Amino acid sequence: MARWLVISDNHGDRAILDTLKHQFHADAVFHCGDSELAADDPWFDGVAAVRGNMDSDDRFPLVLTPEVNGCRVLLAHGHRDAVNWDLTKLSLHAQAVGAQATFYGHTHELAVEMAGGCLFLNPGSISQPRGEFRHLGGTCAVVTVTPDQWQVQYYTRDARPVTKLHFTFER
């Protein structure tokens with residue numbers, strides 16, 4: 001079993017990144033872009049992070065496909081995959097790299113679904129949320145990975161679990 005922390009779109013709010021990293025002690029941390037921080041910021045040590053459309057530091061890669069705990073992960077911001085409209089391009093990208101999990105941001109709206117045997121997860125924006133759950137003030141997600149399941153729990157900025165935002169998917 002592994003616990004992964006997935007964060008996106010903090011837009012310069014470094015303090016929240018420190019808080020979440022400290023609170024969750026995850027086995028792996030993924031940042032889906034629009035941090036608006038420098039790629040050499042010490043916060044990114046040991047973190048898989050990509051460049052979003054608001055990131056000016058081109059040392060962040062646009063896409064990463066790490067193998068983590070035996071799972072291929074596709075990490076992208078989503079702006080180049082048209083995630084504002086649907087997940088077609090992102091899904092094709094995930095298929096091409098053999099991803100079992102795909103994490104993206106950009107929309108500032110949380111989302112999670114299984115499609116084509118792959119988990120697609122947007123943690124929402126931790127600092128500038130939009131959509132149905134904007135009243136939560138920002139969200140991130142913790143994915144618990146077991147041999148048989150993905151368990152996804154969304155959390156608020158103050159690391160409180162959102163009870164109605166817990167999902168379990170078969171792997």
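You are looking at a predicted model, where local features need pLDDT of at least 70, side-chain atom pairs count only at pLDDT 80 or more, and totals for chains, interfaces and linings use all residues. Residues are numbered from 1 along each chain as its sequence is written, and side-chain values use heavy atoms, with hydrogens and water left out.

The C-alpha trace spans about 35 × 35 × 30 Å along its principal axes.

**Switch to a surface.** The protein chain exposes about 7,700 Å², and carbon and sulfur atoms supply 47% of that; the areas come from the Shrake-Rupley method with a 1.4 Å probe, and for residues only the protein chains shown count as cover. Of the 171 residues, 51% are buried, meaning under 20% relative accessible area, with exposed over 50% and partly exposed in between (1.4 Å probe, protein chains only).

**Select residues 5–145.** An unreviewed UniProt entry annotates this span as "domain: Calcineurin-like phosphoesterase"; UniProt positions are given in the numbering used here, feature names are shortened, and annotations may be inferred rather than shown by experiment. The end C-alpha atoms of the span lie 11 Å apart, and 15% of the span is helix and 28% strand.

**Zoom to Val47.** Val47 belongs to strand 3 (residues 47–49). Its relative accessible area is 13%, so Val47 is buried. Leaving aside residues up to four places away in sequence, Val47 touches Lys21, Val29 and His31. Show Phe30 too: Phe30 and Val47 are 17 residues apart in sequence, yet 5.9 Å apart in space, C-alpha to C-alpha.

**Step back to Asp34.** Look in the loop between strand 2 (28–31) and strand 3. Asp34 is buried because its relative accessible area is 2%. Check its backbone as well: phi is near 60°, a positive value in a residue other than glycine. Most residues other than glycine have a negative phi.

**Finish at His106.** Which loop holds His106? The loop between strand 7 (101–103) and strand 8 (111–115) does. His106 has a positive phi of about 75° although it is not a glycine, and at 16% relative accessibility His106 counts as buried.

Notes:
Helix = DSSP H or I, 4+ residues; strand = E, 2+ residues; numbered from the N terminus. Contact = heavy atoms within 4.5 Å.
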